[in-house]
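I opened a new notebook page today and wanted a friendly first walk through this model. Here is what I looked up, entry by entry.

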Protein chains: 2
Amino acid sequence: MPQDRSGRPARITDVAALAGVSIGTASKALNDTGQLRDETRARVKDAAEKLGFVGDARARALSSGRTYTVGMVTTDSFGRFTMPVLLGAEDALSAGEVMVLLADTRDDHVREAHYLRSLVARGVDGIIVTGRSADARPPIDVPVPVPVVYALTPSTSASDVSVTLDDAGGAADAAAHVLALGRRRVAVVSGPADARSAVSRAAGARSVLGDRMVGEPMHGEWSERWGRQAVDLLDRAQADVDAVVCGNDQIARGVCDRLRETGRSVPGDVAVTGYDDWDVVALASRPPLTTVDMRLDELGRIAGRSLLELVAGGRPASVSVTPSLVVRESTVGA
Amino acid sequence: MPQDRSGRPARITDVAALAGVSIGTASKALNDTGQLRDETRARVKDAAEKLGFVGDARARALSSGRTYTVGMVTTDSFGRFTMPVLLGAEDALSAGEVMVLLADTRDDHVREAHYLRSLVARGVDGIIVTGRSADARPPIDVPVPVPVVYALTPSTSASDVSVTLDDAGGAADAAAHVLALGRRRVAVVSGPADARSAVSRAAGARSVLGDRMVGEPMHGEWSERWGRQAVDLLDRAQADVDAVVCGNDQIARGVCDRLRETGRSVPGDVAVTGYDDWDVVALASRPPLTTVDMRLDELGRIAGRSLLELVAGGRPASVSVTPSLVVRESTVGA
């Protein structure tokens with residue numbers, strides 16, 4: 001614990017004494033204000049670092065009218081999507097300069113309203129709203145104007161700033177990959193027909209596959225079980241596929257299992273792609289899945305930067321993040 | 001958005017006017033201070049609710065010397081463990097009254113020190129320290145005294161308050177369950193020999209199984225692959241088991257897969273138990289896994305309550321949370 005020999009925390013007077021400057025100069029140097037020589041500023045900061053000088057963020061907040069705190073409101077209790085987004089946002093908010101107050105609404109409107117009031121009462125500089133779905137949501141209802149960025153789950157209002165994923169683009173990349181491998185009879189097996197991401201991914205794959213697609217995209221639940229069932233349905237229809245582009249990793253894992261259990265090799269007989277790059281599924285699959293990394297961390301970084309831009313009075317545009325293909329053994333062999 | 005017709009946020013003068021009381025009375029009613037009739041207090045609160053009056057948490061914080069904010073420092077970037085603990089802690093901190101500043105250290109000591117300084121500078125009322133492992137960690141290093149509770153990952157210092165999981169107890173429950181089903185030749189397949197939770201779980205199972213255990217507990221990685229390998233090792237040793245108690249759900253899923261692939265039914269021939277109750281693994285397993293729910297949410301609630309007790313000057317004891325067995329088809333059939 002960095003402190004002087006008396007055991008008490010360092011004060012600004014200690015910093016000034018060690019740097020050999022006045023208290024006013026030390027304060028200006030630490031707050032990056034005033035007209036000082038670079039060398040002086042650096043000497044004061046060195047002294048503060050040596051003494052473990054903490055300062056008082058509350059005093060700085062009061063004098064600047066900012067709290068250097070943002071709220072992050074999420075409906076994704078499970079955390080599968082929220083944590084990567086949060087990590088990215090933390091990066092953009094320069095880890096510790098601006099801190100994140102996390103509020104999990106658990107899909108409850110009353111709880112959301114309560115949290116939003118509490119965040120506003122705390123004077124947050126802005127709010128990032130996120131969730132587990134790509135389906136748009138109504139704008140949040142706050143009693144005073146506050147900068148807001150929607151991440152992953154966009155706002156239904158076009159005037160809001162939303163950072164979303166390019167689901168169609170990611171699926172198009174996966175489809176182009178299997179075509180490049182010479183596959184010509186491709187099935188598309190996606191998630192629920194009423195989920196925006198499932199529909200976007202199917203449409204993205206179709207845009208690239210054209211008449212290499214056997215039948216219409218198939219929709220079902222986001223599960224391994226649906227992947228296994230889809231293989232049975234394709235077999236019953238004698239689809240004779242040489243590739244399956246799936247809407248997520250769980251479906252793809254089910255497809256791989258059922259193909260193996262019915263005597264076909266992956267990728268020898270059939271190439272399979274997933275979507276999400278969720279380790280516990282994509283890496284445990286036999287074989288490990290070629291899949292699409294959603295780049296949730298990048299989405300979080302952009303959301304954080306957009307929020308800072310809004311706070312500073314700028315007008316950032318809504319953005320769609322481009323995912324990236326991760327190639328593994330389910331398409332290219334071991 | 002609740003506000004008056006002028007479009008500006010409601011002020012305490014508006015609340016006082018609507019309730020027909022003085023500003024001083026309105027303030028006392030809203031802050032639950034002073035000597036007021038219950039009826040008056042209720043009328044003021046109704047008026048505040050109607051007008052969407054938010055108040056200023058910062059003013060309250062300054063007058064009380066508290067910020068109604070706690071820090072949660074985690075090393076678990078992935079969020080698998082942190083989010084349930086956080087949700088539990090939020091419950092205990094009465095959702096929005098005390099809010100959580102989340103700081104993810106990503107296992108980086110420099111980043112941890114930086115976050116801790118920032119949390120202290122913000123005047124947090126206390127800090128919850130958590131992570132992904134049950135292995136003890138050194139106490140955090142803060143420049144001023146602040147109440148701290150360790151959750152899941154205990155402190156190495158016995159004078160700190162740590163809330164941990166009873167891993168041995170959970171595994172003992174799973175072992176007692178397979179004995180109650182009449183199984184008599186039981187293998188224990190756990191995680192890495194240098195992970196405290198893997199060793200505790202193996203020891204807990206052994207304490208119940210006694211000479212019903214075939215050979216020593218087997219240690220390997222926390223993966224499906226290790227589960228499959230363990231079945232092969234048991235077969236090579238002609239262990240002829242009728243139950244396998246596993247150290248986590250991934251291992252148990254691998255055990256189920258390998259047993260099925262080598263012609264044995266689960267649970268008909270061999271009963272299998274997991275540990276963690278991690279949906280994406282336990283429910284996707286064929287069959288779904290009987291497993292141990294760690295009750296991370298309860299651990300989070302206890303951590304939150306213990307922190308509030310510390311903040312209030314109390315001396316809460318360290319606690320071990322009792323997990324609970326979840327029975328599914330891997331032990332009792334469909």
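**Entry 1**

Because 6 of the 6 residues of strand 1 of chain A are buried, the strand is largely enclosed by the rest of the structure.

Before going on, I wrote down the ground rules: this is a predicted model, where local features need pLDDT of at least 70 and side-chain atom pairs count only at pLDDT 80 or more, while totals for chains, interfaces and linings use all residues. Residues are numbered from 1 along each chain as its sequence is written, chains are lettered from A and ligands numbered from 1 in the order in which they are written, and side-chain values use heavy atoms, with hydrogens and water left out.

**Entry 1: its partners**

Which strands pair with strand 1 of chain A? I found strand 3 (residues 126–130) of chain A, paired in the parallel sense over 5 bridges, and strand 2 of chain A, also parallel, over 6 bridges. Two strands count as paired if DSSP finds at least two bridges between them. Val70(A) stands opposite Val100(A) in strand 2 of chain A and opposite Gly126(A) in strand 3 of chain A. Gly71(A) stands opposite Ile127(A) in strand 3 of chain A.

Next I zoomed out and traced an open sheet of 12 strands with mixed pairing, in the order 11(A)-5(A)-4(A)-3(A)-1(A)-2(A)-2(B)-1(B)-3(B)-4(B)-5(B)-11(B). Strand 11 (319–321) of chain A and strand 11 (319–321) of chain B stand at the edges with a single partner strand each, so one side of each is left without a neighbour in the sheet. From one strand to the next, the twist averages 25 degrees. Helix 6 (residues 109–121) of chain B packs on this sheet, touching strand 2 (99–104) of chain A as well as strand 1 (69–74), strand 2 (99–104) and strand 3 (126–130) of chain B. Its direction makes about 155 degrees with that of strand 2 of chain B. For such angles, axes are lines fitted to C-alpha atoms, for helices over the stretch in contact, and angles run from 0 to 180 degrees between N-to-C directions. Contact means heavy atoms within 4.5 Å.

Just after the helix, Gly210(B) takes a positive phi of about 55 degrees.

**Entry 2: an arginine between chains**

Is Arg253(B) buried or exposed? At 2% relative accessibility, Arg253(B) counts as buried, and I found it in helix 10 (residues 249–261) of chain B. Leaving aside neighbours within four places in sequence, its contacts include Glu224(A), Arg253(A) and Asp257(A), along with Glu224(B) and Val280(B).

**Entry 3: backbone notes**

A cis peptide bond joins Val266(A) and Pro267(A), with omega about 10 degrees. The bond from Val266(B) to Pro267(B) is cis too, with omega near 10 degrees. Pro267(A) sits in the loop between helix 10 and strand 9 (271–273) of chain A.

Arg106(A) is not a glycine, yet its phi is positive, near 50 degrees. Arg106(A) lies in the loop between strand 2 and helix 6 of chain A and is partly exposed, at 24% relative accessible area.

How values were computed:
Helices (H or I, at least four residues) and strands (E, at least two) are DSSP runs, numbered from the N terminus. Buried means under 20% relative accessible area, exposed over 50%, partly exposed in between (1.4 Å probe, protein chains only).
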